[in-house]
Amino acid sequence: MISVLEKRIAKNQEMRIKFADQPEKFMDSELELHESIQELHSLATVSELYPLAVHLSLPSTLIALLPHENGDISCAVLDLLQELTDLDTLNENEEATTEFIDNMLDQQALALLVQNLDRLDESESDGIHNTLSIFENLFELRPELCSTAQQNGLLQWLLKRIKARTPFDGNKLYAAELLAILLQDNPENRVGLGALDGIDILLQQLAVYKRTDPANGEEAEYMENLFNCICSALLYGGNRERFVQGEGPQLMNLMLR
């Protein structure tokens with residue numbers, strides 16, 4: 001299956017170069033490539049084959065496909081990676097899956113996933129959700145990876161997503177949840193949040209609710225995640241100064257009333 005995937009990637013690249021201005025000519029190769037990615041979902045049910053997948057360079061092949069010009073291909077890869085890094089699968093056979101995760105990280109997977117997030121738009125919300133889920137899986141499995149969030153750009157992306165003037169949705173909730181996880185036990189991320197004007201961003205988002213209640217349970221959970229972020233961030237002294245300067249205590253009083 002991996003061999004077929006590699007052949008279809010090569011064929012698709014060849015067709016895209018040959019018929020760059022005629023998408024209809026390379027569409028069939030793209031459909032075949034998409035089909036190969038879908039077939040590999042079966043690997044997630046046989047974790048003892050993960051070392052063989054590493055030996056056949058599957059992690060690097062999939063990560064190299066992330067920036068594919070066709071967003072559907074990129075999102076299909078993210079869906080597959082999300083399933084392959086699912087904690088239920090990884091915990092079934094920890095020894096076999098450790099090598100797979102190590103190999104992903106060796107390919108600079110975290111930074112490349114963040115770069116890919118920047119090019120996904122709202123019509124590719126499933127891809128965004130799966131990317132955040134991959135990060136959550138990896139952070140739960142390897143808590144030490146949380147310290148890389150500013151270095152690889154994830155902290156900046158999460159703040160940008162929370163700040164974006166877009167209608168509330170599941171990905172905004174997920175971004176706030178992941179940010180709360182990153183700040184919970186990580187002093188480096190608390191410092192990084194302050195340097196990125198994160199306290200002001202969190203206060204601005206909470207200010208929306210000083211006169212209006214969250215519209216539903218999901219939005220209430222989003223608001224609670226923002227409060228969790230503030231609580232964790234305030235464990236760093238520099239953020240306490242920013243909180244006071246940003247009139248945080250006054251906002252908290254208004255919200256309590």
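Where does Asn186 lie, and between which helices? Let's start there. One caution: this is a predicted model.

Asn186 sits in the loop that joins α11 (170–184) to α12 (187–195). Is Asn186 buried or exposed? Buried: the relative accessible area is 6%, and the cut-off for buried is under 20%.

Now look at what the side chain of Asn186 does. A polar atom of that side chain lies 3.2 Å from the backbone nitrogen of Glu188. The side chain also reaches the backbone nitrogen of Asn189, at 3.0 Å.

What does Asn186 touch, leaving aside residues up to four places away in sequence? Two names here: Cys146 and Ser147.

Next stop, Ser57. Find Ser57 in the loop between α3 (50–55) and α4 (58–65). Check the backbone here. Phi of Ser57 is near 65 degrees. That is a positive value, and the residue is not a glycine.

Last one: Glu247. Which loop holds Glu247? The loop between α15 (237–245) and α16 (248–256). Phi of Glu247 is near 60 degrees. Again, a positive value in a residue other than glycine.

To recap. Asn186 is buried, and its side chain reaches the backbone nitrogen of Asn189. Thanks, everyone.

Conventions: Residues are numbered from 1 along each chain as its sequence is written. This is a predicted model: local features need pLDDT of at least 70, side-chain atom pairs count only at pLDDT 80 or more; totals for chains, interfaces and linings use all residues. Side-chain values use heavy atoms; hydrogens and water are left out. Helices (H or I, at least four residues) and strands (E, at least two) are DSSP runs, numbered from the N terminus. Buried means under 20% relative accessible area, exposed over 50%, partly exposed in between (1.4 Å probe, protein chains only). A polar contact is a pair of N or O atoms within 3.5 Å; within protein, one must be able to donate a hydrogen and the other to accept it, and residues adjacent in sequence count only if both atoms are side-chain atoms. Contact means heavy atoms within 4.5 Å.
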